[in-house]
Amino acid sequence: MQAKKRYFILLSAGACLVLLFYFGGAQLPASGRNRHDRSRHGYRSDQPWPHFSDPLHQFLPWDQPDTEEYNIHISPRQKRDVNTSVYKGKRCRMDSCFDFSRCKKNDFKVYVYPQQKGEKISESYQNILSTIEGSRFYTSDPGQACLFVLSLDTLDRDQLSPQYVHNLKTKVQNLPLWNNGRNHLIFNLYSGTWPDYTEDLGFDIGQAMLAKASISTENFRPNFDVSIPLFSKEHPRTGGERGFLKYNSIPPFRKYMLVFKGKRYLTGIGSDTRNALYHVHNQEDVVLLTTCKHGKDWQKHKDARCDKDNAEYDKYDYREMLHNSTFCLVPRGRRLGSFRFLEALQAACVPVMLSNGWELPFSEIINWNTAAVIGDERLLLQIPSTVRSIHQDKILALRQQTQFLWEAYFSSLEKIVLTTLEIIQDRVLQQESRSSVMWNSHPGGLFALPQYSAYLGDFPFYYATLGIKPHSKFTAVIHAVTPLVSQSQPILKLLASVAKSQYCAQIIVLWNCDKPLPAKHRWPATTVPVIVIEGENKVMSSRFLPYETIITDAVLSLDEDTVLSTTEVDFAFTVWQSFPERLVGYPARSHFWDSNKERWGYTSKWTNDYSMVLTGAAIYHRYYHFLYTNFLPASLKGMVDQLANCEDILMNFLVSAVTKLPPIKVTQKKQYKETMMGQSSRASRWADPDHFAQRQTCMNKFASWFGGMPLVHSQMRLDPVLFKDQVSILRKKYRDIERL
């Protein structure tokens with residue numbers, strides 16, 4: 001009897017457990033958990049801190065909730081949140097909310113609305129508009145525009161801010177070209193206000209795209225919006241400082257392992273993470289400092305730790321910490337983004353991101369796993385052990401990538417704006433979009449124009465990455481400006497000398513002379529083809545046009561009165577093959593800062609220092625013809641054409657801005673200067689004081705547009721091996737150079 005009772009009790013208990021498990025006791029699968037319990041990268045509280053090399057996991061896009069499987073697991077509250085999203089155009093994508101037909105006729109052009117009288121505008125937003133208006137994308141004709149940008153200041157949409165623009169909803173709706181925001185781009189740094197700091201901009205953006213800071217992954221519309229970094233009003237408009245990593249230090253560890261210094265929010269949104277930092281702070285190599293001293297009424301909310309935290313906070317200098325730490329913590333503040341992000345990038349301090357749900361800046365193109373550690377706010381206590389476990393080789397690679405990304409996309413407001421426009425252009429012109437390699441490796445997407453080629457091997461920057469070499473021949477382009485009246489003219493001697501080079505594939509004579517083209521029989525017979533092209537509009541910039549007749553990677557640019565031997569040409573080309581991304585040439589010049597006049601100066605004195613090689617005798621990759629023509633603004637090229645001067649300086653500025661490196665000077669014969677002085681056309685220019693005055697004016701104009709001086713000084717000169725020694729002259733490869 002007792003056995004039957006025990007059996008019945010066990011059977012009943014088992015049945016109860018089965019029913020309990022069936023009606024709610026079981027855990028839902030991971031894919032059906034609350035969306036707010038997982039971040040953009042799929043990290044959950046029951047997961048260990050990810051290793052730095054772990055791939056990022058995809059998550060179900062927040063804008064695609066209509067699948068049957070998804071709706072089974074979300075709550076009614078979540079469904080309401082989706083339906084009442086802060087963006088009514090939540091489902092907008094390029095194919096549904098963008099009119100591609102506007103971009104087919106005139107490529108990618110951007111129109112900026114004219115500024116209205118009486119409308120206040122912040123300096124930062126004015127700089128954004130000025131950057132667009134000065135770019136190659138700008139058009140003043142709305143009929144040609146592919147994209148529209150408001151002149152109404154939308155940067156600060158915090159109602160408590162003095163920069164807040166009132167009645168923006170009505171003003172935007174009254175714009176004749178608004179069209180419910182279609183093909184419009186809205187820039188925004190701050191949205192929402194105390195206490196909840198929502199991402200609502202205070203007006204219906206319709207179908208417009210957002211270039212927004214601190215945007216969450218929930219509200220971010222992939223391949224439609226652009227996440228931009230939060231930058232201060234002091235952020236430079238152009239140029240910007242270079243990164244602070246001056247050399248590669250091995251091992252890469254610094255005084256501190258991990259640092260942070262900033263506000264501690266005592267109440268409200270953003271307070272949880274910063275209030276917990278004291279648990280990790282050890283006063284030695286992990287220094288995480290917060291202060292309660294901010295806001296007028298902070299003392300009303302101060303807690304028991306405030307006095308101690310404030311005292312500890314005042315002991316450390318933030319700049320000293322920033323420049324002497326391996327990792328820099330970037331926790332969220334009131335909003336997801338933080339100024340600490342850009343500060344860490346510039347300082348070569350690897351950012352440790354601690355802001356769950358933040359769509360990182362330019363996430364569409366940048367692989368942040370190569371430059372930052374992406375963490376989870378819920379795993380704060382694991383941060384020190386995690387960063388300590390990262391190998392020093394990885395730390396060095398992360399640090400180097402921070403410097404590249406800073407200088408390529410973040411060092412100035414201009415780069416932030418242009419990167420935003422280039423991302424949108426890649427979406428519009430998909431057949432010409434950049435690859436991930438272009439965006440994430442030197443020199444970056446702003447200088448690697450995909451309109452030139454879809455193949456990386458056509459660019460001079462990727463030869464080493466692809467393991468290939470440039471073409472083994474060059475094309476000589478001789479710039480001719482004087483009529484051909486005698487068979488003893490320097491241009492004919494130059495033709496013969498260059499044609500004898502074993503590396504010469506063809507010679508192009510660019511006829512920029514006002515006189516008619518000479519008859520074919522006037523040109524000497526050569527073993528390589530000689531092609532004569534009449535210059536476009538007879539202007540100086542035409543010597544750098546991307547002519548389709550140039551069939552080689554290397555271009556040997558020559559003035560008509562240049563005097564070079566075949567041996568010198570051969571040697572210069574072999575040097576260029578080792579440095580295909582740089583200018584390699586003979587005559588060198590230099591720049592200097594004139595402290596008395598507070599401007600840049602130009603000198604042609606022969607010294608051991610130089611920063612330019614003149615394109616009257618220089619070799620470079622043909623891609624720079626395309627970049628010169630399509631990247632530089634019409635104002636600079638117009639100045640060159642008007643003065644008939646400075647085109648060589650502008651090309652040096654461009655190449656140095658791209659490579660961050662100096663040109664390379666190769667050896668030349670002693671008599672080069674005296675020989676050149678003997679030529680009437682060159683001598684007259686050298687003796688003309690206006691010539692040098694113009695070149696100094698050019699340098700300062702160019703430096704202003706580039707936002708700084710891109711030229712780099714060098715003292716390196718490459719000579720042939722066994723040059724000027726006692727070895728028999730017959731044993732030397734470039735023996736003719738020594739004889740000259």
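This is a predicted model: local features need pLDDT of at least 70, side-chain atom pairs count only at pLDDT 80 or more; totals for chains, interfaces and linings use all residues.
Which residues form one aromatic cluster? I looked that up before anything else. Tyr 452, Phe 459, Phe 461, Tyr 462, Tyr 623, Tyr 624 and Phe 626 do.

**Entry: the chain overall**

The chain has 740 residues, and 54% of them count as buried. I find 26 helices and 23 strands. I also checked how far apart in sequence the contacting residues are. Taking contacts with a separation of 6 or more, 74% come from residues 24 or more positions apart.

**Entry: aromatic pairs**

I searched the whole structure for ring pairs and got 35 aromatic pairs. I wrote down two of them.

The pair I took up to begin with is Phe 461 with Tyr 623, which is edge-to-face, with 5.9 Å from centre to centre and 85° between the planes. I then looked at where the two residues sit. Phe 461 is in the loop between helix H16 (436-440) and helix H17 (463-466), while Tyr 623 belongs to helix H20 (residues 623-631). They are 162 residues apart, so I logged this as a link between distant parts of the chain. Phe 461 and Tyr 623 are both buried. Both are also members of the cluster I opened with.

The other pair is Phe 544 with Tyr 620. Their ring centres are 6.3 Å apart and their planes stand at 70°, so I put this pair down as edge-to-face too; the cut-off for that label is over 60 degrees. Phe 544 is in the loop between strand E15 (530-534) and strand E16 (554-559), and Tyr 620 is in strand E21 (residues 617-621).

**Entry: H6 on H15**

How do helix H6 and helix H15 cross? I have H6 at residues 123-133 and H15 at residues 413-428, with axes that come within 9 Å and cross at roughly 55°. That angle makes H6 oblique to H15. The crossing is right-handed.

I listed who makes the contact. From H6 I have Ser 124, Asn 127, Ile 128, Thr 131 and Ile 132; from H15 I have Leu 413, Glu 414, Val 417, Leu 418 and Leu 421. Sorted by type, the contact of H6 with H15 has six nonpolar residues, three polar and one charged.

**Entry: H21 on H25**

H21 brings Leu 636, Met 639, Val 640 and Leu 643 to the contact. On the H25 side I noted Gln 694, Thr 697, Cys 698, Lys 701, Phe 702 and Trp 705. The tally for the contact of H21 with H25 is seven nonpolar, two polar and one charged.

**Entry: Phe 98**

Is Phe 98 buried or exposed? I get 3% relative accessibility, so Phe 98 counts as buried, the cut-off being under 20%. I placed Phe 98 in the loop between helix H4 (94-97) and helix H5 (101-104).

I then listed what Phe 98 touches, leaving out residues up to four places away in sequence: Arg 93, Cys 103, Cys 146, Leu 147, Arg 182, Asn 183, Met 209 and Val 428. I took the spacing to one of these, Leu 147. Phe 98 and Leu 147 are 49 residues apart in sequence, with their C-alpha atoms 9.5 Å apart in space.

Which residues does a cis peptide bond join? I found His 442 and Pro 443, with omega at about 5°. Pro 443 is in the loop between H16 and H17, where I also have Phe 461.

Asn 180 has a phi of about 60° and is in the loop between helix H7 (168-173) and strand E4 (184-188). At a relative accessible area of 40%, Asn 180 is partly exposed.

Gln 283 is another non-glycine with positive phi, at about 65°. I located Gln 283 in the loop between helix H8 (271-275) and strand E9 (286-291). Its relative accessible area is 48%, so Gln 283 goes down as partly exposed.

Technical notes. Residues are numbered from 1 along each chain as its sequence is written. Side-chain values use heavy atoms; hydrogens and water are left out. Axes are lines fitted to C-alpha atoms, for helices over the stretch in contact, and angles run from 0 to 180 degrees between N-to-C directions. Helices (H or I, at least four residues) and strands (E, at least two) are DSSP runs, numbered from the N terminus. Angles under 35 degrees count as roughly parallel, over 145 as roughly antiparallel, 65 to 115 as roughly perpendicular and the rest as oblique. A crossing is left-handed if the near helix is turned anticlockwise from the far one by less than a right angle, and right-handed if clockwise. Contact means heavy atoms within 4.5 Å. Ala, Val, Leu, Ile, Met, Phe, Trp, Tyr, Cys and Pro count as nonpolar, Asp, Glu, Lys and Arg as charged, and the others, Gly among them, as polar. Rings of Phe, Tyr and Trp (its six-membered ring) pair if their centres lie within 6.5 Å; planes under 30 degrees apart count as stacked, over 60 as edge-to-face and the rest as tilted. Buried means under 20% relative accessible area, exposed over 50%, partly exposed in between (1.4 Å probe, protein chains only).
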